[in-house]
Amino acid sequence: MASLDPVIDPVLDKDGVRLTVEDAIAAVTLTNPAKRNAQSPALWRALAEAGRLLPGSVRVVVLRAEGKSFSAGLDRQAFTPEGFDGEPSFLDLARGSDAELDATIAEYQEAFTWWRRSDLVSIAAVQGHAIGAGFQLALACDLRVVADDVQFAMRETSLGLVPDLTGTHPLVGLVGYARALEICATGRFVLAEEAVATGLANIAVPVDQLDAAVRDLATALLAAPRDAVIETKALLRGAQDRTYEEQRTAERQAQARRLRDLAGIGD
């Protein structure tokens with residue numbers, strides 16, 4: 001998969017995020033391994049910008065990270081009185097109005113929301129630690145391929161906080177309410193075998209095979225016609241909110257659109 005090749009000129013390369021694009025595949029890479037790809041508001045803005053910069057030709061987006069850890073979560077500097085240079089500290093944010101705090105968190109969440117766009121399939125390639133915000137970033141993607149050394153953990157609750165970067169909805173959808181509560185409330189590690197068994201990960205492979213496994217999956221996803229994948233994704237995403245009869249109706253409507261399209265018959 002050429003888009004994982006670092007020799008490609010990046011579309012974006014700043015604040016710990018690099019975006020490369022080639023044809024139908026894009027790679028978004030976290031590029032601060034010295035800090036285990038710890039996250040900050042600047043990184044979140046760069047991730048949101050990466051989503052906006054994707055050309056229409058892209059069908060598959062791979063999220064990956066340099067170094068031994070996918071992401072160790074929020075950079076603890078956020079909790080210091082000085083915070084990050086040019087940014088309000090989290091302590092300052094807490095002193096703001098409810099509306100200001102809500103708007104700021106909503107802005108942070110934008111880094112995590114675009115990965116499930118209907119016109120894309122996103123794959124997180126996860127190795128080592130994926131903690132807190134790192135776990136939620138992996139959960140933001142449609143699919144997860146993990147290395148056998150992966151360690152997922154949701155540590156926000158142990159810090160007196162809650163997971164607020166869009167991770168709770170996919171987590172409950174994947175593992176169910178009871179297991180999601182236990183994972184979040186205890187902050188324990190979820191390792192590769194459990195991740196696959198519970199649906200958190202699609203497949204686990206040795207660390208040195210992670211890129212190859214993601215490459216194979218991306219290639220397989222590109223084999224089907226784009227419109228069929230888009231319709232199928234929409235059907236599956238909406239299934240949990242529909243009754244059985246509503247889902248039957250949605251299937252019929254989607255298939256009618258596909259048949260008319262294949263026959264060259266407009267609506």
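**Exercise 1. Find the residues that L47 is in contact with, leaving aside its neighbours within four places in sequence.**

Step 1. Contact means heavy atoms within 4.5 Å.

Step 2. With sequence neighbours within four places set aside, the partners of L47 are V17, V28, L30, A111, W114, W115 and L137.

A word on the model before going on: it is predicted, so local features need pLDDT of at least 70 and side-chain atom pairs count only at pLDDT 80 or more, while totals for chains, interfaces and linings use all residues. Residues are numbered from 1 along each chain as its sequence is written, and side-chain values use heavy atoms, with hydrogens and water left out.

**Exercise 2. Work out which residues of the largest nonpolar core touch the most other members.**

Step 1. A nonpolar core is a set of buried Ala, Val, Leu, Ile, Met, Phe, Trp, Tyr and Cys residues joined through side-chain atoms within 4.5 Å. Buried means under 20% relative accessible area, exposed over 50%, and partly exposed in between (1.4 Å probe, protein chains only).

Step 2. The largest core has 50 residues, and V28, L47, V61, W115, V126, F152 and L171 touch the most other members.

Step 3. Helix α4 (residues 133–140) supplies the largest share of this core, six residues. Helices (H or I, at least four residues) and strands (E, at least two) are DSSP runs, numbered from the N terminus.

Step 4. Look for a second, separate core too: it has 14 residues, I25, A125, V145 and V214 among them.

Step 5. Here is a general idea to keep in mind: in soluble globular proteins, nonpolar side chains tend to be buried together.

**Exercise 3. Decide where the buried residues of helix α6 lie around its axis.**

Step 1. In α6 (residues 177–186), the buried residues are A180, I183 and C184.

Step 2. These residues cover an arc of only 90° around the axis, so they are on the same side of α6. The arc is that of the directions from the helix axis to the C-beta atoms.

Step 3. Their cover includes α4, α5 (168–175) and β9 (190–191).

Step 4. Just after α6 comes G187, with a positive phi of about 70°.

**Exercise 4. D15 and T166 have a positive phi; find where each one sits and how accessible it is.**

Step 1. D15 is not a glycine, yet its phi is about 55°. You will find D15 in the loop between β1 (12–14) and β2 (17–22). Its relative accessibility is 45%, so D15 counts as partly exposed.

Step 2. T166 is not a glycine either, and its phi is about 75°. The loop between β8 (151–153) and α5 holds T166. With 27% relative accessibility, T166 counts as partly exposed.

**Exercise 5. Is A38 buried or exposed, and which residues does A38 touch?**

Step 1. Start with the place of A38: the loop between β3 (25–30) and α1 (41–53).

Step 2. The relative accessibility of A38 is 16%, so A38 counts as buried.

Step 3. Not counting residues up to four places away in sequence, A38 touches L43, S71, G73 and D75.

Step 4. Now try a pair: A38 and S69 are 31 residues apart along the chain, and 9.4 Å separates their C-alpha atoms.
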